[in-house]
Amino acid sequence: MSATTEVKPSNQHHQRPPFYRDATVVKWLFQVGALALVIFALWFLSSQARDNLSARNISTGFDFLSVDPGINLSEGIDTRPATGGRALWVGMVNTIRLAAAGIFFATIIGLFIGLARLSNNWVVNKLGSIFVETLRNIPLLVQILLYGSILANLGDLQFDSGWDNWIIWSNKGLSVPRVFIADGFYQWAVFMIIGAFAARWAYNRRSRLHDETGENTYPWIGSLAVLTVFAIIGWFIHPIFGWVGNIFGFISDGISKIPEEALQFLLSAIAIFVAANWIRGFLRSRRTPGGAARLTDDDKFRVIFAGVGAGIAIFAIFIVWPGLSSWIINSSSDLFEVLENKFGDGRTGGPFGADRPEVIKPGKFEKYGPSGLTMSLGFAAVFFGIVLYTAAFIAEVVRGGILAVPKGQIEAANSLGMRRSAALRTVILPQALRVIMPPLGNQYLNLTKNTSLAIAVGFSDLVQVGQTVGNQTGKNLSVFAIWMLFYLACSLTISVAVNFFNVRLRIVER
Amino acid sequence: MSTEAANTNRADMIVCENVDKWYGDFQALKDVSATIAEQEVVVVLGPSGSGKSTLIRCINRLEAHQQGTIIVDGVELTNDLRNIEKIRSEVGMVFQQFNLFPHLSVIDNVTLAPKWVRKMPKAAAEKKAEELLEMVGIPEQAEKYPGQLSGGQQQRVAIARALAMEPRIMLFDEPTSALDPEMIKEVLDVMKDLAHGGMTMMVVTHEMGFAREVADRIIFMESGEIVEVGTPEHFFTNPTEDRTKLFLSQIL
Amino acid sequence: MSEMTSIKTGKRPEEVSRSPSEWIRQNLFSNIPNTILTIIFGIFTLYAIRGILGFVLSGERRWEAVATNMRLLMAQGYPANQFVRVWFTLGCLMVLTGLSLAIWSGKGRLSVKKISNWVMSTGLGLAVFAALAPISASSRLGWVIAGALLIAGGLGLWQRAKNKTTETLHTIPTVPFSFGFLGILVLSLWVVPFGHYAFTNGELVAETGRTVAMSTKLPFTVMWLLLVGTYCLTNLVRESLPIAQAKACLVGLWLLSPFILNWIVLRDPDFDYGHIVSTDIPLAALFIFVGGGILFMLAKPSLGEIGRLTAIALLIFGVFNWVAAFFGWYPMLQKVRISFVLLALAALIAPNFAADRKTRLKFVTGWAILILISHWLITAVNSPSTLELQGPTYLGGFSLTLFVAILTLLLSFPLGVLLALGRTSSMPIARVLCTGYIESIRGVPLITILFFFSNILPLFLPQGMEIAELAAIVTGYTLFSAAYLAENVRGGLQSVMRGQYEAADAIGLTTSQRTGFIVLPQALRVSIPPLVGQAIGVFKETSLVAIIGAYDILRIANNVVPAQTEFLGVKREGLLLVSVIYFIVAFSMSKYSQRLEERVGLGER
């Protein structure tokens, strides 16, 4: 084919234009120019930072993670952390605790307020509107400070503060009854996992029976019954799973024996593998039946980018941050060690316990006893702040989602003679959920990020601890990197979870 | 493959030689060669997905072909920015979905390109636009917005917009497919006037009446290939290829 | 808006107005569960109102802390002898508002029924307040009488409106109504001398002539007169004005006003006139004439790609100047560096104006105006302020909050649009860079970004170069909000059909023309409602600057006032006031955005 075209006279036109008029080259040059500018700016800024830091006698790096920061934290799993890393870890746990509790309660309250806003009852409807409009138009920080100052003005803690040792409040915080995980919980959880498989099996069997016979076999009730039976039996015989702890112990030992270099090579290999795999798949997708891949400039760029990305990752693993691999090894070994202790043998208590709060007076002053679930002043202020603020937004999401289901759907369900509850369950809810999920996930993300406002009331979340550690050691830059990684990881986790549900919902839709 | 030129004495406006185009795995154009002379009206027929639209979109460089040569009015379509600019302002295009700019009034739609690409003074551009709207039969709609017009009127505005650049070639990509039946005629009438006025036109359409009446030549495409080229009489009465016969039997 | 349409259509049979008893039955007691709900929540509501009123009116509340510190909360330590500048700023904004209302001819009308509804609900609110508030019996009676009067007035209005048939009597224009309402508010300052307390011999005494109402009644009256006066005057001459040009002028003035009002009026720069005559004016003239000449040449239609190459060369030179500045290779006035970059950018868009002489001259005139304004602003910013300050900045309290919010919005808008364009472009590197930037910024909380910019940014700057705290905050906040803005704009960009791009290409528009004339206008129109929502978010989150130590209204209410010896620990009152202020601004903005959303949804053109 090309042989014939070459003899045609028109091909004399076929010449490359000067580079500044070639669309591809111009596009390339522009992008490479932009990239060069960005890289130059980053390089320049980092060199400045290096100069400035050395001028102030501060070294960069993450060595502060293993040095005693000499700080006290207001609360957390460890109030006098021995190392900087431990301090940040305490902050992370506090943040996660706050975010998880916040997400749980904000969802429930938001759901109710959202439904209230759809109510036919004028009073309920208006109350819902007032709640939403007030709370979402006042900045969260102002709300947190306001709740904090209101709590701080409660009376001093005394033996008769609150309601008869059910709820106790004072300017030291709030204490409520708590249900807690007791010693036997982890073995019981193993039992329940097996129970879940059994319940799943029961569900499948019953729905198959329903398909075959057409009779109503209530698969949900059946599987729930199985799970309940397992829960009850497990309550008494869970210690038989004490050996699970040893498995985690072996894993922990195994991980701690891995040499640092091996992990570095492994990580690099993963990076190379991912990049190579991606490039291979990409080239295959561009392959024409004619044989060789036909790449546009965009495609070439993508391939180069994937390669450069892998290179940068390897560079980071070996040179920029060699401590990373040992950190991964140590922390994952620690993790399994913790699991070993949790699942370990010799735990004979029940899976759960419950207790009411109490006030004790060990010395001169009254304080909350360890039996109740006690929220410190800071925690309570941020907690109420993020829960109420996010609930107002979630209420709008819920209301919007339900209103988004077309009226025709309800009419269609009615015309089929479906009962109201069945129509709600099988027609309205799946469609509403599909609209609700993505913005709901966004609200969860916002809530998680908003926990950082805890610094305003002195609750030891990651940002507050990081700020203290950073000021103490001068490693603000490294702390900032850890913040970024942590919050990005949280965002990623939440979006993965939300996406998972979304995919499930799409299956429901089919 | 028949490559006879209908009018050898006229200059070639569009020359396609061995053009290939792929979308990923899918080959949309296979070794397409065609020549269109000045003032010639060529209708491209074929079943959907046969590459008709892709061909005329390549001629306007809305899509880039990957192999072969396309020369429009003596200018080869390459990556050369200057050539692309030149071709775009010499080739007018009318789309199936009109693609009028909804946020601009009719008159602004028509004058936008003359003002900013041809660098025409505003007054001159507006005068020209009024003439064109007169020509397509809707001079009274100049101040309205596209959303306020019927489909047929919108398509006629789209033709006026393309003509405002004083193109030497007009490409029509199924201009009547998105129209209600009663509006098709008003658009086809404008196109006929244009053809009789000596415009070089390349039309992808399913309007067989239009093809028979106006076309100088008909190109029949299937699965990305040019199957048959000929005059309307030859094509409708005595096609040579089996695939053409099959196509005609299905639609006539 | 919706009120309007329902009245205008008119054909629809008038909704049968239900009697109050019927309304109550349908909405509150339609069936048993509904009745139970009503009773439970009704009691709950009464308790809640009583609790809130009890809290607000309790003798322990020290509202005088707020009243005494009102100036501190609004403008922090702005020198008292120069305070007229603050009023002047507000006056300028009033004049602009009046002009805009007249030019854009606010033709909205309010139905009398709606107004009577408002009056009646206010009366009802007063009655509830009188019944539940912990106040003395005599004042309780007073409030009840006031409430009853309002309800009666509202009912009277309703009856009158019911009997009227034509639209003009059913409704009254919104703008004069709001003016009247504002007038009543201003008048109340003259009648009720609230809010003034001073300490005399350790006791709180209301001192005539120094209350909040007393000291602000005259300025606020002037503000009101300015607003109404400008509106009426402009309305008189409206017919003879070129409306399109006037609108363009007003938009320009609104965009410029934050810069001019802040750096010129409020900051009061001490211009060094000798330097201005010897350096600044010649420099500006040089750029206007030489730069204008270059641009005039570059806009020549026959130039082709030489123009593009020249523009790129200019851009490289402009960027190089900054690089050289960081390394200290050669000295150059900052103003000159900025001007060169501006020149390069103007040169890049010059080919779009390549047309007849008139268009090219217009382009060059635009360049001259740009240089004049930017040089004037740079000179003003670089001149020292004449204000004698106690605090770190002349802005503080609510003025700081507004300044940070407005500046951030203005600066992050163009950046956000660029990022959105980058993220949706077909260029992979640009896309990856923009996506990476947007996603990583959106992944972290604002407070960490603000910490970064207030603590860590100084580390990145060359030695000897400093950045003011406020500038660091605004920079960080701008970079943060641009990422969110970009996502809103991206939503709009994705709603633009592919056919629009193709049509623009087919008629020969360049990429920048296509973006500017076709894509962005459509995309931005779609993204207006989310952008207003974003603006509300930016305004609310401005409160975070309090954490990193800027004296905004929140920090003053939370940290400064409770530290005063007279008001030790008085925090809740100030925080409640701050909540109310934020609420009023954010709530009215969100109502506005809802109306916009309806309008965008309706008028799809």
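## Around Leu554(C)

Apart from neighbours within four places in sequence, Leu554(C) is in contact with Leu141(A), Val142(A) and Leu145(A) as well as with Ser543(C), Ala546(C), Leu575(C) and Val578(C), where contact means heavy atoms within 4.5 Å. This is a predicted model, in which local features need pLDDT of at least 70 and side-chain atom pairs count only at pLDDT 80 or more, whereas totals for chains, interfaces and linings use all residues. Residues are numbered from 1 along each chain as its sequence is written, chains are lettered from A in the order in which they are written, and side-chain values use heavy atoms, with hydrogens and water left out.

## Nonpolar cores

Leu554(C), together with Val404(C) and Phe451(C), touches the most other members of the largest nonpolar core, which has 139 residues; a nonpolar core is a set of buried Ala, Val, Leu, Ile, Met, Phe, Trp, Tyr and Cys residues joined through side-chain atoms within 4.5 Å, and buried means under 20% relative accessible area, with a 1.4 Å probe and protein chains only. Helix H20 of chain C (residues 469-494) contributes the largest share of this core, 13 residues, helices being DSSP runs (H or I) of at least four residues, numbered from the N terminus.

A second, separate core of 49 residues includes Val110(B), Met170(B), Phe220(B) and Phe235(B).

## Chain A against chain C

Chain A and chain C bury about 5400 Å² between them, 73% of it on carbon and sulfur atoms, this area being the accessible area (1.4 Å probe) that two parts lose on being put together, summed over both. On the side of chain A, Asn137(A), Lys449(A) and Phe480(A) lose the most area to chain C, together 10% of what that side buries. The contact draws 61 residues from chain A and 63 residues from chain C.

Between these two chains there are zero salt bridges, defined as a side-chain nitrogen of Lys or Arg within 4 Å of a carboxyl oxygen of Asp or Glu.

Helix H3 of chain B (residues 106-116) is mostly covered, with eight of its 11 residues buried, among them Val110(B) and Leu112(B). The cover over these buried residues includes helix H4 (122-135) and helix H5 (151-163) of chain B, together with helix H22 (511-541) of chain C.

Asn83(B), which lies in helix H2 (residues 81-90) of chain B, counts as buried because its relative accessibility is 16%. Not counting residues up to four places away in sequence, Asn83(B) touches Val75(B), Glu76(B) and Thr78(B), and a polar atom of its side chain lies 3.0 Å from the backbone oxygen of Glu76(B).

Technical notes:
Buried means under 20% relative accessible area, exposed over 50%, partly exposed in between (1.4 Å probe, protein chains only). Helices (H or I, at least four residues) and strands (E, at least two) are DSSP runs, numbered from the N terminus. A polar contact is a pair of N or O atoms within 3.5 Å; within protein, one must be able to donate a hydrogen and the other to accept it, and residues adjacent in sequence count only if both atoms are side-chain atoms.
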